Amino acid sequence: MKFRLWLILFIGFLVYTCLVYSYCDKNSLPGNTPDNHVVAGWNTWQEKNCQSCHQIYGLGGYLGPDLTNAASAPGKGENYMKVFIQFGTGKMPNFHLSDSETNNVVAFLKWVDKSGKNTVPKENVTWTGNYNLDN
Ligand code: HEC
């Protein structure tokens with residue numbers, strides 16, 4: 001009896017694992033190869049340790065906001081981000097980045113933004129627990 005329960009759970013586990021790992025609709029992923037600006041911005045992001053205060057997809061420090069979708073958030077965007085990055089605020093340090101460093105970091109954040117949403121709308125979650133990228 002106990003053995004059958006284990007067997008059912010094990011089969012359930014196998015089926016679920018197969019569903020999770022076989023699901024990848026490559027056509028719906030954004031054409032998102034980083035260009036040189038994005039790579040340079042990414043390096044600045046790491047040098048200045050922006051992630052010690054900010055999160056991407058929820059990972060990072062929590063002093064500042066999550067920046068995954070700052071580039072496309074209503075009322076935010078490129079110019080909004082530039083002001084913070086170039087001047088800092090009372091809580092965020094001014095890193096004295098040059099114009100090109102600032103533009104590159106912004107390019108990096110726009111690239112991150114294109115990779116997906118940091119919150120999954122409930123209606124996009126399928127019954128298998130996967131995220132449906134199409135709608
Ligand atoms: C010491 C912590 C800290 C570090 C390091 C830091 N930030 Fe911030 N950042 C903040 C805080 C806090 C805010 C929110 C502004 C405020 O409340 O004054 C912020 C706001 C922002 C915003 C506006 C976000 C929004 O959605 O309103 C952007 C963009 C940003 N930071 C980019 C960066 C970048 C790029 C770096 C690295 C070069 C960086 N930050 C490093 C603390 C930090």
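**Fold, helix packing and ligand surroundings**

From the N terminus on, the elements of the protein chain follow the order α-α-β-β-α-α. In total there are four helices and two strands, where helices (H or I, at least four residues) and strands (E, at least two) are DSSP runs, numbered from the N terminus. The radius of gyration of the protein chain, taken over C-alpha atoms, is 20 Å, well over the 14 Å that the globule rule gives for 135 residues, so the chain is more spread out than a compact globule. The globule rule is 2.2 Å times the number of residues to the power 0.38. Along the principal axes, the C-alpha atoms fill a box of roughly 70 × 30 × 25 Å.

The model is predicted: local features need pLDDT of at least 70 and side-chain atom pairs pLDDT 80 or more, while totals for chains, interfaces and linings use all residues. Residues are numbered from 1 along each chain as its sequence is written, and side-chain values use heavy atoms, with hydrogens and water left out.

His37, Val38, Ala40, Gly41, Trp42, Thr44 and Trp45 in α2 are in contact (heavy atoms within 4.5 Å) with Asn104, Val105, Ala107, Phe108, Leu109 and Trp111 in α4. The residues of this contact comprise nine nonpolar, four polar and no charged. In this grouping, Ala, Val, Leu, Ile, Met, Phe, Trp, Tyr, Cys and Pro count as nonpolar, Asp, Glu, Lys and Arg as charged, and the others, Gly among them, as polar.

Lys82 is placed in helix α3 (residues 78-87). Not counting residues up to four places away in sequence, Lys82 touches Thr102, Asn103 and Val106. Lys82 and Leu109 are 27 residues apart in sequence and 11 Å apart in space, C-alpha to C-alpha.

The ligand is surrounded by 20 residues, the closest being Cys50, Cys53, His54, Thr89 and Met92; a residue is counted if one of its heavy atoms lies within 4 Å. An N or O atom in the side chain of His54 is 2.8 Å from a nitrogen atom of the ligand. A polar side-chain atom of Lys76 lies 2.8 Å from an oxygen atom of the ligand, and one of Tyr80 lies 2.6 Å from an oxygen atom of the ligand.

Note on methods. Polar contact = N/O pair within 3.5 Å; in protein donor to acceptor, adjacent residues only side chain to side chain.
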